Amino acid sequence: MKKLIAAMLISTAAVAAPVMADDDCRAPMESWQSEQAFRDAIEARGWQINKFKVDDGCYEIEGFDDQQRRIEATFDPVNFEMIEMEVER
């Protein structure tokens, strides 16, 4: 029974660990582009930012994309690569 529980815990940790790691940006702040540069780049895509924050070393926004869908999105502050996006329906 103990072996079964141990195997379940290990397999759960192996699956969960990569998901948790993807949400964090790890670049040093010296390499980040400015918030204004980020806002300019996002607005140039036709997106609207209603809320901006820094969380876990990433830029996060709430607002609307170019298709007027309400979104929450996370970006790398160095290259503005999208890490995650949720579309509210």
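In the predicted model, helix α2, formed by residues 35-44, lies across the strands β1, β2 and β3. The helix runs at about 140 degrees to β1. The protein chain as a whole contains 2 helices and 4 strands, and from the N terminus on these elements follow the order α-α-β-β-β-β. Of the 89 residues of the chain, 25% count as buried. Among contacts in the chain with a separation of 6 or more, 34% are between residues 24 or more positions apart.

The strands form an open sheet of 4 strands in the order β1-β2-β3-β4, and the pairing is antiparallel. Strands β1 (48-55) and β4 stand at the edges of this sheet with a single partner strand each, so one side of each has no neighbour in the sheet. On average, and with direction ignored, neighbouring strands of the sheet are turned by 15 degrees against each other. Strands of a sheet pair through backbone hydrogen bonds, in either a parallel or an antiparallel manner.

Strand β2 (residues 58-64) is joined to strand β3 (residues 70-75) by 6 bridges, and the two run antiparallel. Within this pairing, Tyr-59 stands opposite Phe-75 of β3. The hairpin of β2 and β3 has 5 residues between the strands, and in this hairpin Gln-68 takes a positive phi near 65 degrees. Strand β3 is in turn joined to strand β4 (residues 82-87) by 5 bridges, again in an antiparallel arrangement. Here Thr-74 stands opposite Glu-84 in β4, and Ala-73 has Met-85 in β4 as its bridge partner. The hairpin of β3 and β4 has 6 residues between the strands, with Phe-80 at a positive phi near 60 degrees.

The structure holds 1 disulfide, which joins Cys-25 to Cys-58 with an S to S distance of 2.1 Å. The torsion about the S-S bond of Cys-25 and Cys-58 is about 105 degrees, so the disulfide is right-handed. Cys-25 lies in the loop between α1 (2-22) and α2, whereas Cys-58 lies in strand β2, so the pair ties together parts that are 33 residues apart in sequence. Both Cys-25 and Cys-58 are buried.

Aromatic side chains were examined next. A search of the whole structure finds 7 aromatic pairs. Trp-32 and Tyr-59 form an edge-to-face pair, with a distance of 5.6 Å centre to centre and 80 degrees between the planes. Because Trp-32 lies in the loop between α1 and α2 and Tyr-59 lies in strand β2, this pair ties together parts that are 27 residues apart in sequence. Trp-32 and Tyr-59 are both buried. In the pair of Phe-38 and Phe-52, the ring centres are 5.9 Å apart and the planes stand at 50 degrees, so the pair is tilted. Phe-38 in helix α2 and Phe-52 in strand β1 are 14 residues apart, and their pair links distant parts of the chain. Phe-38 counts as buried at 0% relative accessibility, and Phe-52 is also buried, with a relative accessible area of 18%.

One aromatic cluster is formed by Trp-32, Phe-38, Trp-47, Phe-52, Tyr-59, Phe-75 and Phe-80. At Trp-47, the charged end of Arg-45 sits over the ring, 5.7 Å from its centre.

Phe-64 lies in strand β2 and is buried, with a relative accessible area of 18%. Apart from residues up to four places away in sequence, Phe-64 touches Trp-47, Gln-48, Asn-50, Arg-69, Arg-70 and Ile-71. Phe-64 and Glu-88 are 24 residues apart in sequence, and their C-alpha to C-alpha distance is 9.8 Å.

Notes. Residues are numbered from 1 along each chain as its sequence is written. This is a predicted model: local features need pLDDT of at least 70, side-chain atom pairs count only at pLDDT 80 or more; totals for chains, interfaces and linings use all residues. Side-chain values use heavy atoms; hydrogens and water are left out. Two strands pair if DSSP finds at least two bridges between them. Axes are lines fitted to C-alpha atoms, for helices over the stretch in contact, and angles run from 0 to 180 degrees between N-to-C directions. Contact means heavy atoms within 4.5 Å. A disulfide is a pair of cysteine sulfur atoms within 2.5 Å. Buried means under 20% relative accessible area, exposed over 50%, partly exposed in between (1.4 Å probe, protein chains only). Rings of Phe, Tyr and Trp (its six-membered ring) pair if their centres lie within 6.5 Å; planes under 30 degrees apart count as stacked, over 60 as edge-to-face and the rest as tilted. A charge sits over a ring if NZ of Lys or CZ of Arg is within 6 Å of the ring centre and within 35 degrees of the ring normal.
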